[in-house]
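Hello,

I am passing a structure on to you, with some notes on what turned up in it. Have a look at it before you read on.

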Amino acid sequence: MPTESRLGRSGHGQSGATLTTLQRATVVGLVALSAAVAVGLGLTARDDPPGTAWPPGRQATSCHDVKIFTGQVGSPYNRFARVLRTRLQAAPEHWDVEVVPTGGSAENIYHLEEQQYRTCSLALAQLGTTVDAGSAVNQFSPQRGGHLVEGLRTLGPAHDDLLHVIVRAPGSSPPGTGADVRTFTDLCDRAIAAGPAASGTRQIGTVLLRVGLPGTCTPRLEDSSIDDGLRLLVAGAVDAVFWAGGAGTERIRTELANGVKLQVLDLAQFRDAIAADWEKVYHPPGRYFPGTVFPPGHLGPRDYPGMTDVDTVSLPNGVLAHEQADPALVRRATADLFGDPAEYERALWGDNPAGRRVPDALTVYESPLFCYVPLHPAAAEYYRLRFDRGPGCGR
């Protein structure tokens, strides 16, 4: 999480009071105090364990079976969703919750618009990809076989992904595979395992190629999961693997533990260009909210033993629902995002040697992405109760 946040009355992403770390802690403390007062008045306590937190008691619900669309089995999305499933199944509404493996963000988004899933389903997705879906750009463009997806709403933040470009460590390539890849520009005209076609990895990877390589380059992109991509990389069939996933991804750590020599490329020089590409897409039509869409990220040996420190790009994720989703499900899931964050962190990062944290509820005021993709009305109740207002978005 960033050390500063904007929580002024002018709306997030706008000029307002800037909170230092100390001030941010004060805000959280005041929220806790307000919650204690609310309990004394017989109102809602908002920071209690799941099942007793807002919303209180058993709600009327139209759902019995609930689906959470995630990513590949063992992926960070899948791990995060399993914690959420446990919490929802323990709720007094007694939902039967299924975690559904998928190819990634775009597939999850398309599922939410299907009539049979609109009411009783949730999904995890990169928020940047979700904005693209609601504007029919990038892989959602009709020219690329996609289509506009309407009715998408957010519940709140999940963990942040980090953009990985994984290559063989210098000197470890099989014979006949060409020169070592030491910088991103070395990938001009090389083969890349670029993620499934309907994934957030493919979407952000396509942007990276657009801003990071000369227009004369024609890299060959292979559809692949992270597992298949790493196998192809080790075998010399591709020269890099794109992966947009949580830091310390278990599949990469396993390869390193087995003695495979890998390296992640530093991408710091491309973050401004990725942000400029976003503005180029969204500023002209007037669908633009100021603020940081792609925060800086970092990977290092505490995430991947033996690898060197590199800077990269963070890709915020969120929990999504359709605007027609059952309000009881949305209320409960929203509250469950913020009870005992350590449980999500253990699921994502195990013993968490890099000390990574999942975002807290204040993220909806700090990131413009929650203006591009509005909160579900039932989720917005949660933030208004905790912080006395929803995201302002300049209004």
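Is the crossing of α2 and α9 left-handed or right-handed? The crossing of α2 and α9 is right-handed, where right-handed means that the near helix is turned clockwise from the far one by less than a right angle, and left-handed that it is turned anticlockwise.

A word on conventions before the rest. This is a predicted model, in which local features need pLDDT of at least 70 and side-chain atom pairs count only at pLDDT 80 or more, while totals for chains, interfaces and linings use all residues. Residues are numbered from 1 along each chain as its sequence is written, and side-chain values use heavy atoms, with hydrogens and water left out.

The protein chain has 13 helices and twelve strands (DSSP runs numbered from the N terminus: H or I of at least four residues for helices, E of at least two for strands). Of its 395 residues, 55% count as buried, that is, under 20% relative accessible area with a 1.4 Å probe, protein chains only.

Back to the helix pairs. Helix α2 (residues 76-89) and helix α9 (residues 327-336) have axes that come within 10 Å and cross at roughly 125°; axes are lines fitted to C-alpha atoms over the stretch in contact, and angles run from 0 to 180 degrees between N-to-C directions. The two helices α2 and α9 are therefore oblique to each other (angles under 35 degrees are roughly parallel, over 145 roughly antiparallel, 65 to 115 roughly perpendicular, and the rest oblique). On the α2 side, Leu84, Arg87 and Leu88 meet Leu329, Arg332, Ala333 and Asp336 of α9, with contact meaning heavy atoms within 4.5 Å.

Helix α5 (residues 200-212) packs with helix α8 (residues 271-282) at about 105°, their axes 10 Å apart, so α5 and α8 are roughly perpendicular to each other. Ile204, Val207, Leu208, Arg210 and Val211 of α5 make this contact with Ala273, Ile274 and Asp277 of α8.

Strand β5 (residues 121-126) is worth a look too. Six of its six residues are buried: Ser121, Ala123 and Ala125 point one way from β5, and Leu122, Leu124 and Gln126 the other way. Strand β3 (residues 65-69) runs parallel to β5 and is joined to it by three bridges, with Ile68 opposite Leu122. Strand β12 (residues 310-322) is antiparallel to β5, with four bridges between them, and here Leu124 stands opposite Val319. Strands pair if DSSP finds at least two bridges between them.

Best wishes

Conventions:
Buried means under 20% relative accessible area, exposed over 50%, partly exposed in between (1.4 Å probe, protein chains only).
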